Amino acid sequence: MNGRKGAVLLACVAIVVGISRTGAVREYLREAGNQPAMVVAMMGAESDDPMQDPLYKQILEKKEQTRIQPVDAVLDRVWKAIPGYNGLEIDVEETYKQAKAAGVSNPITYMYRQISPKVSLNDLGAEPIYRGNPNKPMVALMINVAWGNEFIVPMLDILDEEKVKATFFFDGSWLKKNPELAKEIQKRGHELENHAYTHPNMSQLSEYRASMEISKTQKLLKESLGVDNKWFAPPSGDFNQQTVRIAHGLGLKTVLWTLDTVDWRKPPADSIINKISNEVQAGSLILMHPTASSSKALKGMIRVIKNKGLIPGTVGQTLSPERIIPQNG
């Protein structure tokens, strides 16, 4: 048998017995030399194409079955700017790579990647925000700080115990007087943001004064705490379009609330917890202050939020398009 016929025969035998990729066959063919086109086709790239692998096809099919489309940010007539929410799909290449490495006897661990929406919150311009995307199972805890120092550390301790981060909006004059307490809040890992400087009614201010109120606290956050301010909460929820436009020009988004504890009226803790339990939804922004009422209600609020399958967190986390990703498919 000459070299060419031997090469063809051996290649055919290798295909039949399933050893066409072995080093021994490849070495034989190299030594035989002058392989015909048929053998090259048999041994070529097509046999290494993952698209021909049933495992790859299974993962690809799963991707098509489970893909979740992203949700665009929208400007709602009632709720104004509502952020978008990333879509989700299986990362076929990474899943296939890991599945091959794990071996066929192990279940497939699906790897995911997020898909950004075409329209983001930034695309909506200077608009107020009252809630997060209702598809995202998160709730933001907003704590506006201009007074109530005696309740701050107890609230921080509860947040630590529950492993929850909140967003503290600082009145600038309070921050100026209480830098150490502000640093303690920062040390606990919470988000620190802007609540103007002297707690004014923003809608009643001149453009110059309104700009100074926001920019002065923004500068103080940076200089005293190293914080790059992103969110602005108007004191008492009082604002107008000028307020939103000025904040936007300073790189800040204006945030209001979905649910108000009205804790400054000193309601019983149980009434706050019941209100949150009855009204909280995915995307809710919950307003409170460091008061006796909210301090006593905080743990119960967090528990009812969690019991509804929602994740309590910061304003930044809740309004982000980042998706809550399942651990496995």
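A cavity is a set of grid points where a 1.4 Å probe fits but cannot get out, and its lining residues have an atom within 4 Å of a point. With that in hand, let's work through this predicted model.

**Exercise 1. Find which residues line the largest cavity, and sort them by class.**

*Solution.* Start with the count: the structure holds one cavity of 30 Å³ or more. Next comes its volume, with about 60 Å³ of space in the largest cavity. Now list the lining: A81, L121, G125, A126, E127, I129, V244, H248, L252, K253 and T254. Finally, sort by class: the lining has six nonpolar, three polar and two charged residues.

**Exercise 2. Work out how helix α6 is oriented relative to helix α8.**

*Solution.* First take the axes: those of α6 (residues 152–162) and α8 (residues 179–187) come within 11 Å and cross at roughly 5°. Angles under 35 degrees count as roughly parallel, so α6 is roughly parallel to α8. Then look at who touches whom: from α6, I152, V153 and L156 meet L181, E184 and I185 of α8. By class, this contact holds five nonpolar residues, no polar ones and one charged.

**Exercise 3. Decide where the model calls for caution.**

*Solution.* Begin with the whole protein: its mean pLDDT is 88, and 84% of the residues reach 70 or more. Then turn to residues 3–47, where pLDDT stays under 50. The model has 37 contacts beyond four places in sequence for this stretch. Where pLDDT is low, predicted coordinates should not be read in detail.

How values were computed:
Residues numbered from 1 in each chain as written. Predicted model: local features only at pLDDT ≥ 70, side-chain atom pairs only at ≥ 80, totals over all residues. Heavy atoms only, no water. pLDDT = per-residue confidence, 0-100. Contact = heavy atoms within 4.5 Å. 1 Å grid on protein atoms, 1.4 Å probe; cavity = no way out; pocket = protein on both sides within 12 Å on 5 of 7 lines; lining within 4 Å. Points joined across faces, edges and corners; volume = space filled by probe spheres on them. Nonpolar A, V, L, I, M, F, W, Y, C, P; charged D, E, K, R; others polar. Axes fitted to C-alpha atoms, helices over the stretch in contact; angles between N-to-C directions. Helix = DSSP H or I, 4+ residues; strand = E, 2+ residues; numbered from the N terminus. Parallel < 35°, antiparallel > 145°, perpendicular 65-115°, else oblique.
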